[in-house]
Amino acid sequence: MNHDADGAELLTIGAFARASRLSPKALRLYDELRLLPPAHVDPVNGYRRYAPAQLERARLVAWLRRLGMPLTRIREVCELMPDTAAEAVAAYWAQVEADTAARRDLAAFLVDQLQRKDTAPMTASATPLTMRYAARTDRGLVRPANQDAAHAGPRLLAVADGYGPEGGRAAAAAVSALQHLEDAPAGTDPLSALEEAARRAHRAAPTADEATGSTLTALLRAGSQLALLHLGDSRAYVLRDSGLFRITHDHSLVQSLIDEGRLTPEEAPSHPQRAQLLRSLDGGSPFTPDLQLLDARPGERYLLCTDGLTGVVPPESLQDVLTAAETPEQAVADLIALAHAAGAPDNVACVVADLHPADAEVLAA
């Protein structure tokens, strides 16, 4: 067969590659994926031949690959009518820009952290810190009970989101297991202390077959540093002069699908398994928290919260409230009000803390 159904002469894979600006290797891959199968494959020698009419699809594939679109998504776009395909491409690029902005913010945060390490020896002793803080939990407007827990004190900030029949007890126990760290002796390694306290809570948690457990996100202040421990999909943010930065990564199924490119952030809230956690305090799975030591400075504001807030309030609204509120108490109240305005389908826990020089006259709430 050397002609297509319209009588046009079929092109060899080399000729088609030159015309479409796709390599023969790419064409063979796209054939395997059924993204761009040839019009004819010789049953004897396996030579592939393409119809001239396939050039339009091939060029579209090439353009979409230059955009960085995953092959599975390209296949979906190629099956759409032109208007719908245009909308799909626009939506994809909007997501790329959003992801790029998020990575830019993370890069700025990391640059700031690394630069601080150069000056940390000089500033650590010169600028001891204290915190003004506020914490609050709220049942929300739908759930029959409150299974969130929160703590804010001079040294320790923590939130926990319980799940399962005894979720409320699990969250309260997770936060309670850390509270003795408020009185830890000077010189205690904050990361090790946090990890060991959380490990004890993990061992004491109900077993996995009871389907009960809790997330846990905590910050422990030690001089001018903050030790961070994180398990689950509660979150921690820091507001600095350069903006609001999220400093935790969700341990959830939907986040893993987003990381793999199989799900977009817009699709995550409606995913049927959006509540499934990959890590938590549940007594039956390995204890694998994220641990990090942050260099802190006066003027920073930290937010710890459960997904009852972040699931319904976008990051830009979080930043607006945290920037505008004069006190942590006001920030917590305004954030919970935003959750209510969005329907508050889940329990909400918020902790907000401001860092000040230790010699400043600050009253802890």
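Me: How many disulfides does a search of the whole structure find?
Reply: Happy to start there. This is a predicted model, where local features need pLDDT of at least 70, side-chain atom pairs count only at pLDDT 80 or more, and totals for chains, interfaces and linings use all residues. Residues are numbered from 1 along each chain as its sequence is written, and side-chain values use heavy atoms, with hydrogens and water left out. With a disulfide taken as a pair of cysteine sulfur atoms within 2.5 Å, the number found in the whole structure is zero.

Me: Which cysteine sulfur is nearest to that of C350?
Reply: C350 is in no disulfide. The nearest cysteine sulfur lies 5.7 Å away, and it belongs to C305.

Me: Is C350 buried or exposed?
Reply: Buried means under 20% relative accessible area, exposed means over 50%, and partly exposed is in between (1.4 Å probe, protein chains only). C350 has a relative accessible area of 0%, so the class is buried.

Me: What is the strand order in the open sheet of five strands?
Reply: Strands here are DSSP runs (E, at least two residues), as helices are (H or I, at least four), numbered from the N terminus. Two strands pair if DSSP finds at least two bridges between them. The pairing in this sheet is antiparallel, and the order is β4-β14-β13-β10-β11.

Me: Which strands stand at the edges of that sheet?
Reply: An edge strand here has a single partner strand, so one side is left without a neighbour in the sheet. The two strands in that position are β4 (129-138) and β11 (243-246).

Me: Which residue of β14 is the bridge partner of L304?
Reply: Five bridges join β13 (residues 301-305) to β14 (residues 348-357), and these strands run antiparallel. For L304, the bridge partner in β14 is V351.

Me: What angle does helix α10 make with β11?
Reply: Axes are lines fitted to C-alpha atoms, for helices over the stretch in contact (heavy atoms within 4.5 Å). Angles run from 0 to 180 degrees between N-to-C directions. Helix α10 (residues 315-324) lies across β10 (235-240), β11, β13 and β14, and its angle to β11 is about 125°.

Me: Which residues does T310 touch, not counting those up to four places away in sequence?
Reply: T310 is in helix α9 (residues 307-310). At 16% relative accessibility, T310 counts as buried. The residues touched, leaving out those up to four places away in sequence, are R235, Y237, C305 and L318.
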